[in-house]
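Subject: Structure handover

Hello,

Please find the structure below. My notes on it come after.

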Amino acid sequence: MKTPRFSLLAAASVLGLFTGILPAQNATPDERARAMLARMTTEEKIGQIQQIHGPDEAAASEGRVGSFLNIVDPAISMKLQREAVEQSRLGIPLLLGRDVIHGFRTVFPIPLGTACTWDDDLAREGARAAAAEAAVGGYNWTFSPMVDISRDARWGRIAESFGEDPYLSARMAAAFVEGYQSPMPGRPKGIAACVKHFGGYGAAEAGRDYGSTPIPPRELNDVYLKPYEGGVKAGALTVMSAFNELDGVPCTGSHFLLTEVLRQRWGFEGMVVSDWESVVELTTHGFAKDHREAAMRAINAGLDMEMTSHSYRDYMADLLASGEVSMATLDERVLAILRVKYALGLFEDPYGPAFDAKKYLLPETLALAQRTAEEGAVLLKNEGDLLPLGKGVTVAVVGPLADAAHEQLGTWAPDGRDADAVTPLAALRVKLGADRVIYAPGLTYSRDASTGGFAAAVAAAKKADVVLCFAGEESLLSGEAHSRADITLPGEQEALVQALAATGKPVVLVLMTGRPVAIENLRGKVPAILAAFHGGTMAGPALANLLFGDASPSGRLTVSWPMASGQEPIYYNHKSSGRPASYGDFVPIEKIPQGQLQTSLGFKNSHIDLPPWPAWPFGFGLTYGKIGYSDLELSAKKIGMDGVLTVSATVTNSGARAATEVVQLYVRDDYGCVTRPVRELKGYERVSLAPGESKKVSFTLRPEDLSFTHIDMAMGPEKGTFTVWIAPDSASGLEGHFSLE
Ligand code: GLC
């Protein structure tokens with residue numbers, strides 16, 4: 001008798017549940033993980049929660065490891081994977097992780113630069129291209145995107161972040177996650193993303209890395225947690241716990257963060273990996289008396305996999321025996337790891353694409369990196385429309401970053417190569433011809449304190465029509481553990497720019513940095529300033545195109561650009577205070593008459609030697625067009641709790657050059673049960689405008705877009721009045737008003 005197909009399938013499913021071999025086509029990662037868990041010994045479970053730095057073939061072949069990181073030789077990665085899959089008892093594949101932060105062999109701009117493109121689609125494409133290269137390099141997991149909100153440019157890791165805004169950072173987080181986890185050659189499910197560092201790591205006091213992060217609970221919900229939520233909701237398979245402590249609880253041991261927020265509030269079903277030895281650092285924090293207690297507190301908080309330290313390996317069996325850790329808890333941790341491995345398709349294809357160096361630096365990947373560098377550069381000043389330059393000019397190329405391949409790759413570019421990088425000098429020589437480029441660096445590196453090269457630089461300037469000065473920071477001056485208390489240009493770079501300006505020749509200052517640097521002493525001395533950040537492998541061609549109009553600047557700041565280190569932290573979405581300073585209030589300190597009484601100054605929320613606003617605000621950036629905003633329209637004056645408001649305006653380019661404008665939507669909750677930021681970004685759109693062209697740009701707002709954490713810690717919108725802007729940046733725009741009733 002012919003047995004109906006469905007009963008065979010049913011039988012196989014039941015059998016599979018017990019044998020752990022479920023038909024892949026009809027089982028979820030969770031079902032498959034549970035079936036596998038049922039077959040695992042305690043030792044094999046403890047193996048899965050361990051990530052080892054550097055190869056360990058015995059651990060791989062005996063199933064005593066769940067992941068390796070930084071296995072830089074693809075052949076060794078493949079060997080370890082084969083040992084795990086083909087020799088261990090259960091054949092559970094390995095996660096092979098790497099910091100693919102902004103590209104792999106093709107280095108993209110630092111994430112802060114990519115964020116300044118305000119181009120989610122481009123960011124997604126770039127992440128996918130980086131993942132495709134990393135997959136060829138033997139990796140199936142990247143410890144990226146880093147989405148920590150950073151309001152303090154002294155913090156070295158601002159370079160890796162998307163900046164100060166929760167809404168934009170959440171959109172960029174989603175774009176990167178989608179890019180990493182999208183189909184690519186040899187990896188139909190992509191590679192696993194890792195949203196980090198959860199949470200609030202960027203709020204380090206004084207910008208000192210690893211420092212305490214005093215974040216009030218409402219600000220934690222409404223600002224700092226938003227980007228991680230954006231990445232998780234986009235489907236990130238993994239999250240990394242952060243080094244810092246929040247209100248006395250280190251994130252790596254925080255049940256509130258790792259279980260209550262991540263799993264219970266957001267429904268996260270992936271896996272949490274610690275940061276480098278952050279489990280055993282619970283003892284250094286004074287949160288655990290020894291490594292055994294650190295392991296107990298981390299695993300009970302919700303930390304699934306221990307990176308590089310081995311307290312889980314050393315103490316888990318003992319903790320289980322004593323009952324301080326239950327088998328149910330260990331099972332939950334292992335299930336999370338197995339779900340990721342099934343979701344990634346590693347059981348179907350543990351090996352991924354064969355290594356092939358020809359898959360690196362593909363023309364389309366280099367073009368993506370270059371476009372990202374072009375769109376991520378922010379034109380801060382362009383007096384007299386000096387830029388774009390005509391191609392007939394002779395330029396003096398000066399500055400320590402003009403021909404610094406290693407530096408332009410930026411921080412966290414371990415798989416990039418200096419030899420691949422095209423520097424501004426090289427690109428300008430190609431674009432203009434060597435005879436019209438006079439090169440004299442003036443300084444040999446960014447911290448160079450010797451002025452011996454100034455004479456040659458000044459001489460070059462005098463022979464040229466225009467001076468292009470590439471100044472900034474060496475890559476090691478930003479990134480992890482590389483925070484700076486003084487964020488002016490290092491070395492004698494300010495003096496160099498002053499000397500160049502003194503020649504009377506027009507100077508274009510191009511800043512290649514890992515952060516916004518305080519250049520208040522130079523701002524009035526040069527007619528044009530382009531913030532390029534560390535632009536990666538193709539920074540040179542990108543900058544040459546922007547300077548000569550073969551590309552048009554469209555970048556917008558995602559960080560407030562400080563006038564001085566002492567202004568930090570400085571950010572646009574601040575609270576009003578009871579005495580906000582307005583533009584007319586500030587009296588420059590040198591103008592304060594002598595002998596004044598203590599009561600002579602303005603009693604405003606401001607220093608007396610600098611105003612409380614940045615040199616350039618969040619969202620700011622110039623184009624080569626002449627952009628105007630008009631005809632703000634609101635679809636209603638009030639909306640109900642189930643309503644939708646459409647806000648629109650007309651954007652016009654009255655200039656002679658095409659431009660792409662990043663149109664921004666901001667709101668202010670005029671008053672609430674708690675104080676609210678003076679502005680919050682709630683939308684943005686890149687709009688291309690031909691000369692003379694106008695376009696109507698519309699945004700929609702719903703009550704849930706206005707949600708915040710109330711005085712009783714409940715989250716949601718609140719009735720009241722709101723101000724709304726459609727704007728070119730966070731300090732201006734067309735203003736309207738509506739109410740939520
Ligand atoms: C580092 C960083 C983290 C990185 C990890 C692995 O200390 O904090 O961002 O992913 O270790 O390299």
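Predicted model: local features only at pLDDT ≥ 70, side-chain atom pairs only at ≥ 80, totals over all residues.

Residues are numbered from 1 along each chain as its sequence is written, and side-chain values use heavy atoms, with hydrogens and water left out.

Ligand. The ligand is surrounded by 13 residues (a residue is near if one of its heavy atoms lies within 4 Å). The closest are Asp99, Arg157, Lys196, His197 and Asp275. By class, this shell has 7 nonpolar, 1 polar and 5 charged residues (Ala, Val, Leu, Ile, Met, Phe, Trp, Tyr, Cys and Pro count as nonpolar, Asp, Glu, Lys and Arg as charged, and the others, Gly among them, as polar).

Polar contacts here are pairs of N or O atoms within 3.5 Å. A ligand oxygen atom is 2.7 Å from a side-chain N or O atom of Asp275, and for Arg157 the distance is 2.8 Å. Glu480 has a polar side-chain atom 3.1 Å from an oxygen atom of the ligand. The protein buries 94% of the 310 Å² that the ligand exposes when taken alone (Shrake-Rupley method, 1.4 Å probe).

Helices. H7 (residues 120–136) and H8 (residues 166–180) have axes that come within 7 Å and cross at roughly 35 degrees (helices are DSSP runs of H or I, at least four residues, numbered from the N terminus; axes are lines fitted to C-alpha atoms over the stretch in contact, with angles from 0 to 180 degrees between N-to-C directions).

Regards

Key. Helix = DSSP H or I, 4+ residues; strand = E, 2+ residues; numbered from the N terminus. Polar contact = N/O pair within 3.5 Å; in protein donor to acceptor, adjacent residues only side chain to side chain.
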